[in-house]
Amino acid sequence: MMDEDPENQIYVGGAYDRWEILEQTPEKFVFRLEYDSFMVHGHIFQESITITAEAGKILNKAEVVLTGKDDYEGILWIGGGLYLHEGAEGGNMHNNANETVLTYAEDALSDKTAAQMNYEYNGSTSQGYNYLAIVTPKGGTRDIQDDVLYSVRAYTLGDTLTYYFGACWSEWRDGERSFPTKEAWTEAVEKEASELL
């Protein structure tokens, strides 16, 4: 979440206060996370996030609703964000033409601690790439701040903001569901997003 100016500070929620499973079948899993107290510039908000994961999909659906304990009437900017490791490369980021799809690829060992542990365990200095994606219907404002790559949209208190997110590893192999390159991952995200938007 950000306050009215998208150039201002990013606010990231802490641990959720309650959870509830809404649906659980072999094909679909839906759960809700509730946050009781989220403070931005002295204003206290409550947040509810409903996550839907479906078998065969590479994108999960997030539905976010914010409410307030006071009479806050301003515009907020909310959406999804990706934490980046030190040395993240801009060339591994992709925005589509209408700015609804954001993908990112980074070396799976870009985290120095993980790289050291991997080397000590099996002597390898390579473990492929991790892929991430955020899909924001109707587009969003994108930037990097405090090591977070984010996509946010203007939001009015009480509305439902829907976005989609996903992740994969280049070394995971499952036929057509394999993404050995960042281009293959981006293409798959673009394709699935086109069916959602």
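Helices (H or I, at least four residues) and strands (E, at least two) are DSSP runs, numbered from the N terminus. The structure is a predicted model, in which local features need pLDDT of at least 70 and side-chain atom pairs count only at pLDDT 80 or more, while totals for chains, interfaces and linings use all residues. Residues are numbered from 1 along each chain as its sequence is written, and side-chain values use heavy atoms, with hydrogens and water left out.

The protein has 2 helices and 11 strands. Starting at the N terminus, the order of elements is β-β-β-β-β-β-β-α-β-β-β-β-α. Of its 197 residues, 39% are buried (under 20% relative accessible area, with exposed being over 50% and partly exposed in between; 1.4 Å probe, protein chains only). Contact means heavy atoms within 4.5 Å. Take the contacts between residues at least 6 apart in sequence: 61% of them join residues at least 24 apart.

Next comes the largest pocket, which holds about 740 Å³ of space. Its 31 lining residues include Val12, Gly79, Gly80, Gly81 and Tyr163, the closest to its centre. A pocket here is an open set of points on a 1 Å grid over the protein atoms alone, with protein on both sides within 12 Å along at least five of seven lines; a cavity is a set where a 1.4 Å probe fits but cannot get out, and lining residues have an atom within 4 Å of a point. Grid points are joined across faces, edges and corners, and a volume is the space filled by probe spheres set on the points. S5 gives the most to this lining, with 6 residues. By class, the lining has 24 nonpolar, 6 polar and 1 charged residues. Nonpolar covers Ala, Val, Leu, Ile, Met, Phe, Trp, Tyr, Cys and Pro, charged covers Asp, Glu, Lys and Arg, and the others, Gly among them, are polar.

Now for some single residues. Thr50 sits in strand S3 (residues 43-54) and counts as buried because its relative accessibility is 11%. Its side chain makes a polar contact with the side chain of Arg32 at 3.1 Å. Such a contact is a pair of N or O atoms within 3.5 Å; within protein, one must be able to donate a hydrogen and the other to accept it, and residues adjacent in sequence count only if both atoms are side-chain atoms. Beyond four places in sequence, Thr50 touches Leu22, Val30, Phe31, Arg32, Lys61, Ala62 and Glu63.

The loop between S3 and S4 holds Gly56, which counts as exposed because its relative accessibility is 55%. Not counting residues up to four places away in sequence, Gly56 touches Arg177 and Glu192. Glu192 belongs to helix H2 (residues 182-196) and, at 8% relative accessibility, counts as buried. The side chain of Glu192 reaches the backbone nitrogen of Leu59 at 2.8 Å.

Leaving aside neighbours within four places in sequence, Thr186 is in contact with His94 and Thr103.
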